[in-house]
Amino acid sequence: MKSIFPSRSLSALLLASLLLSGVIAPRGFDAGAQSRRVPPPDAQKKNKRPDETDKKTDEKQDPVPQDIVKEEAETIKVVTALVNVETVVYSKKSKQIIVGLKKENFAIFEDGVQKEITNFSTPDAPITVAVVLEYSKLSNYLGGNRFEWGIDEVLRPAASFLSQFIKPPQDFASVVAYDMRPTPLTDFTNDPSRINAVINILLRNQPVSSEANLYDALKLVLVGGRGDSVILENAKERTTDYEGMATLQGRRKAVFLVCSGVDTFSKINYDQARKIAQNAGVPIYIIGTGNLFMKRYGDQIGAQDGLFGATTPGRMTMLQAQNTLRTFAKETGGEYIPVTFEGEIPSALQTINALMRNQYSLGYRPSDVRDGKQHKIVVKVDVNGDGVYDEKEYELKYRPFYNAPKG
C-alpha cells in the first residue's frame, strides 16, 4: 500500500501557493526549526485584552458577567448571570444575510416564555476572534500528498483568515495552536506585525507531537485556565493563567477553529467539552481538515485505529470527529465546513467571514431556575417591524439552548 506521508524534498512546492495567498515567509525544514515553541529573536511587549468599552452598541450594557463554566474535580458547574446569544438572520430563499436590524426587531423566548433583551449590539460593532489550530503531526497523517505536508491543510486557511479577514485596529485576534497541550502564540492583539509574526512562527516550524488534544484547547480558549505562556511574549515562566472568551465583556466574539476533530488524549472528555461550548455563549466556526483523508482512504481503513501505525485514526474515529465538529458548531450557533481540496478554502472562508461579521449580539437574564437542565432558546425576528414574526421568509442561526446551574 502506498504511504500517505509526503516526500520531504517535494514539500517545498507548497511555497508557491502560500506566497500567492499573501503569506510573507516560507516554513523551513532544518533540524533546528523543529519546535514550534521557539520565539522570535526580539522580545515583544505583552499585549492586553481588547478594550471592552469600544463596542458600538444601540443599548447600554448591563455590568454583569456572561455564562461562566468552570470545571472542578471533573464536575462542570455553570454560573449564569446573563445568557449571550449571537444571531445571524438570512433569507430562506436567497440565503442573503439581513443587516440593519435593531433590538426591536428581535424577540427571545426561553422555554416558550418571552424574555427582555437587556444587551444588544449590531454587526457594525468590532469583533474579537480566537483562532484555534491543530498543530500536530497527526495532521501529516491525515492529509497532504507527495507535494505537500498535511499540516499545510491547517496553515493555509489559518494564514488566509488572519491576513485577509482580521481588520485592525477595530478587530482583535488571538491564536492558540495545540498538540499535546494548547499553546497561545499571541494574546488578543490588533497589531498587524504581531499577526504576521504568528504566521511566520507557524510556517517556519514543524509539529513536535502526534497528540491532538482538541477538548483541552477549547476549554482554555472558552473558559480559561493554566496554559503555556504566550510565545510572542518570550516569558520566563513556562505557564500562565488565562481568562476565557466567556468572560470577555462589551464585544462581539467568535472562535475560528481549524482541525480534523480528532481528540487523542485530553484531560476532559467530550461531554465536558460539549457542555463548556454550549454555555460559553461564543459561536464556533470550523473548517474541518479530515475530509480528504476519509475520501482517499475511507474504503481501505478498518473501523479501528491503526491503518498506517498505532497513531492513525480508523473509520469510526474519523466519523466521530466529524460529528463532534458538527455538534460544536450547531450547538453554539456557528458553522462547520469540511474542506477536501485547496480550491474550496476561499469559498469556505468567505462564508465563515460573512456569518461572523453579521452576528447580532443579544443578551437576556434567564429564569431563576437552578435545576441543572437544558432550557430551550428560541429567537424570532420581525424584519419589517409590522408586529408579525417572519418565520416563513427568514431563518436564524443561534445557540439553541443553555444549561441552567444546579443547586
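The exercises below go from the whole chain to single residues.

This is a predicted model, in which local features need pLDDT of at least 70 and side-chain atom pairs count only at pLDDT 80 or more, while totals for chains, interfaces and linings use all residues. Residues are numbered from 1 along each chain as its sequence is written, and side-chain values use heavy atoms, with hydrogens and water left out.

**Exercise 1. Describe the whole chain.**

Step 1: Begin with the helices (DSSP runs of H or I, at least four residues) and strands (E, at least two), numbered from the N terminus. The protein chain has nine helices and 18 strands.

Step 2: Turn to burial, where buried means under 20% relative accessible area, exposed over 50%, and partly exposed in between, with a 1.4 Å probe and protein chains only. Of the 407 residues, 57% are buried.

Step 3: Look at contacts, meaning heavy atoms within 4.5 Å. Taking contacts between residues at least 6 apart in sequence, 78% join residues at least 24 apart.

**Exercise 2. Find the largest nonpolar core and the elements that build it.**

Step 1: Recall that a nonpolar core is a set of buried Ala, Val, Leu, Ile, Met, Phe, Trp, Tyr and Cys residues joined through side-chain atoms within 4.5 Å. The largest one has 42 residues, and F161, L162, F256 and M356 have the most contacts inside it.

Step 2: Trace the elements that each supply at least two residues, among them β3 (83–91), α3 (152–164), α4 (192–204) and α9 (345–357). Helix α4 gives the largest share, seven residues.

Step 3: Zoom in on F161. Not counting residues up to four places away in sequence, F161 touches V129, V131, I166, F256, L349 and M356.

Step 4: Locate the second, separate core of 38 residues, which includes Y215, V262, Y270 and A329.

**Exercise 3. Work out the order of the four-stranded open sheet.**

Step 1: Two strands pair if DSSP finds at least two bridges between them. The order here is β5-β4-β16-β18, with antiparallel pairing.

Step 2: Pick out the edges: β5 (113–115) and β18 (401–403) each pair on one side only.

Step 3: Inspect one pair. Strands β4 (residues 106–110) and β16 (residues 374–381) are joined by five bridges, and F109 has V378 as its bridge partner in β16.

**Exercise 4. Is D171 buried or exposed, and what does its side chain contact?**

Step 1: The side chain of D171 makes one with the side chain of R357 (2.5 Å). A polar atom of the D171 side chain also lies 3.0 Å from the backbone nitrogen of K167.

Notes: A polar contact is a pair of N or O atoms within 3.5 Å; within protein, one must be able to donate a hydrogen and the other to accept it, and residues adjacent in sequence count only if both atoms are side-chain atoms.
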